[in-house]
Amino acid sequence: MTSQFAADLQPSIIVDDVYKTFTLNHAFSLKDTIVSWVRGRKLTSQFEALKGLDIVINEGESVAILGLNGSGKSTLLKLVSGVMQPDGGSVLTRGRVAGLIEVGAGFHPELSGRENVFLNAAILGMSRKEIEARYDEIVAFSGIEQFIDQEVKHYSSGMFMRLAFSVAIHVNLDILLVDEILSVGDAPFREKCRLKFQELIERRKTLVVVSHDMEMVRELCTRGIVINKGTVVYDGPVEGAVAQVEN
Amino acid sequence: MPDQRDLFQRVPRSEFDVPGKAGGLLDVFRWHYLLRLLVRTGVTTRYRNSVLGWTWSYVRPAAQFLVFWIVLGLFLNLERGIPNYAVYLFAGIVVINLFSEGFKNATSSIVGNAPLVRKVYLPRQLFAVSAVIVAFVHFLPQVGLLLLVCLLLGWITNVTIFSILAIFAGAIIVMVFALGLGLLFGAMNVRYRDAENIVELLLLLATWASPVLYSWIMVKDAITELGWPSWLLEVYMLNPITQAVELFHFAFWSPVTETTLRSRRLWRSTRSGRS
């Protein structure tokens, strides 16, 4: 990267020397606690999920976070989305962050599709005006106009996921976090999602994707970061990252 | 990545947000639209797929009221000490129900929304606040019923502006108290599910630790008779629920009992003059 080119870039996510430690419980009840204590066994142990992570992601970049299960990818996304706080270091974001982390988490089975669109969009931080402006677009994208006034509990799982995904992807955002949810729906719907992602990239939105689907990662992302046991082991062009993971 | 550090320095930190930084209860106002939807969801889905639906909001307090009225009022003769005991009792039960429901729902609200809390960032206090507001919505028909009975008993003739204010003050005290305790126990509930059981226990006590079934004067008399330290009464009176219940008694029971109360006061003053 030349310095002249770098001047155009603006970081939108800064992960500065971030540590995250989880406490693992070994005793699950008062009895367990006393037994372990008497036998001198440890009650808890520490698990370091992230050990001093340094990542800067610039505006308009689409970055894949790769790594084996348990390497700390999802923890990183949760820190960026604000669900968790780092134990050390700092995470900074610029602009509106939206997570396609768990689509459908906010859906209420007893409400109709229409009510759920409003509820879920509000959960993702949209205001009433924004939702009303985008409502038709959301429903059209999901392709279930016909069933929108039915209760969500009667939906098939595919319909459910399509509607949830459609809400999440229409949130006004500057940074989109995607965690392993692109296996949603049938082939035509997946194609629609891919186009939507491409559109977001063209609009210079920042995309952070966690996935094991190398095919899709290669298609969407330009940069890859490989995390192993809580540290960054590779940061560079996506091809190199994929090669690193596949070995 | 040599130029990353460089960028780091150049961009002012003030442009950045720290994700997940909580703004306390102020966040509730910022997320008011979501709060409204959560309340609406809580209210409308409460009695989905039940035949009697909203009637259940009346049946439970009605059954409670009947049991207490028959056992305490008729069998144990509390009715003789407290004129219009039925109104007295119901005014108190309505307050306790508001507290119980708000407190219980707020406590389970965080764990109940676990999928959301774990996956999406949003102010978690919203769940507790919406639980208390939903409890308030369910409290309204009960107050309506109470008001109707009071109107039949001539409430309107003795009512003052203070009675109306007392209703609001009582409801607000109870809701703030339920929210505060609900936030505390809701947080504890995440780590220790014992919290829910502790709350059940506290709610059982709440009915008896406030002048719902009896009058606070009985507590005062009992403490003097037993020779217990008088600060016990102070503690009893400091209970916010006691205050709220008394405000409701003042608002609903006092106006309909104005005349009987006057004669009772006379009776009490002669009795205390004697001792």
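**Close-up views of a predicted two-chain model**

**Figure 1. The interface of chain A and chain B in the predicted model.** Across this interface, one residue pair is found in polar contact, with both residues at pLDDT 80 or more. The side of chain A that touches chain B draws at least two residues from each of β1 (11-25), β2 (44-58), α3 (73-81), β4 (88-93), α4 (113-123) and α5 of chain A. The largest share, five residues, comes from β1(A). By residue type, the side of chain A that touches chain B divides into 23 nonpolar, 14 polar and 11 charged residues. Between chain A and chain B the count of salt bridges is zero.

**Figure 2. Area buried between the two chains.** Chain A and chain B bury about 3500 Å² between them, and 59% of this area lies on carbon and sulfur atoms. In chain A, the residues that lose the most area to chain B are A:Val83, A:Leu92 and A:Ile123, which together account for 16% of what that side buries. The contact involves 48 residues from chain A and 37 residues from chain B. For the complex, the predictor gives an ipTM of 0.82 and a pTM of 0.85.

Figure 3. Chain A contains nine helices and nine strands. Along the principal axes, the C-alpha atoms of chain A fill a box of roughly 65 × 60 × 35 Å. Of the 247 residues in chain A, 51% are buried. Among contacts in chain A between residues at least 6 apart in sequence, 70% join residues at least 24 apart. The mean pLDDT of chain A is 84, and 93% of its residues reach 70 or more. Confidence in chain A is lowest in helix α1 (residues 3-6), at a mean of 44, and highest in helix α5 (residues 128-142), at 92. Over residues 1-7 of chain A, pLDDT stays under 50, and the model has six contacts beyond four places in sequence for this stretch. Where pLDDT is low, the predicted coordinates should not be read in detail.

**Figure 4. Linked salt bridges in chain A.** A network of salt bridges links A:Glu61, A:Arg223 and A:Asp235. In the salt bridge between A:Asp235 and A:Arg223, the closest N and O atoms are 2.9 Å apart. This pair links distant parts of the chain, with A:Asp235 in strand β9 and A:Arg223 in strand β8 of chain A, 12 residues apart. A:Asp235 is buried, with a relative accessible area of 19%, and A:Arg223 is buried, with a relative accessible area of 8%.

Figure 5. A:Arg203 forms a salt bridge with A:Glu199, with the closest N and O atoms 2.8 Å apart. A:Arg203 is partly exposed at a relative accessible area of 43%, and A:Glu199 is partly exposed at 32%. In chain B, the side chains of B:Arg30 and B:Asp27 meet in a salt bridge at 3.4 Å, N to O. B:Arg30 and B:Asp27 are separated by about one helical turn, because they are three residues apart in helix α2 (residues 26-30) of chain B. B:Arg30 counts as exposed at 62% relative accessibility, whereas B:Asp27 counts as buried at 2%. A search of the whole structure finds 16 salt bridges over all chains.

**Figure 6. Positive phi values in chain A.** Most residues other than glycine have a negative phi. A:Asp17, which is not a glycine, has a positive phi of about 50°. A:Asp17 is found in strand β1 of chain A and is partly exposed, with a relative accessible area of 36%. A:Lys229 also has a positive phi, near 50°. A:Lys229 is found in the loop between β8 (223-228) and β9 (231-237) of chain A. At 61% relative accessibility, A:Lys229 counts as exposed.

**Figure 7. Two residues of chain B.** B:Ser210 lies in the loop between α11 (194-208) and α12 (216-226) of chain B. B:Ser210 counts as buried because its relative accessibility is 0%. Apart from neighbours within four places in sequence, B:Ser210 is in contact with B:Ile96, B:Tyr236, B:Asn239, B:Ile241 and B:Thr242. B:Glu200 lies in helix α11 of chain B and is partly exposed, with a relative accessible area of 45%. The C-alpha atoms of B:Glu200 and B:Phe16 are separated by 44 Å, the two residues being 184 residues apart along the chain.

Definitions and conventions:
Residues are numbered from 1 along each chain as its sequence is written. Chains are lettered from A and ligands numbered from 1 in the order in which they are written. Side-chain values use heavy atoms; hydrogens and water are left out. pLDDT is the predictor's confidence in each residue, from 0 to 100. Helices (H or I, at least four residues) and strands (E, at least two) are DSSP runs, numbered from the N terminus. Contact means heavy atoms within 4.5 Å. Buried area is the accessible area (1.4 Å probe) that two parts lose on being put together, summed over both. A salt bridge is a side-chain nitrogen of Lys or Arg within 4 Å of a carboxyl oxygen of Asp or Glu. A polar contact is a pair of N or O atoms within 3.5 Å; within protein, one must be able to donate a hydrogen and the other to accept it, and residues adjacent in sequence count only if both atoms are side-chain atoms. Ala, Val, Leu, Ile, Met, Phe, Trp, Tyr, Cys and Pro count as nonpolar, Asp, Glu, Lys and Arg as charged, and the others, Gly among them, as polar. Buried means under 20% relative accessible area, exposed over 50%, partly exposed in between (1.4 Å probe, protein chains only).
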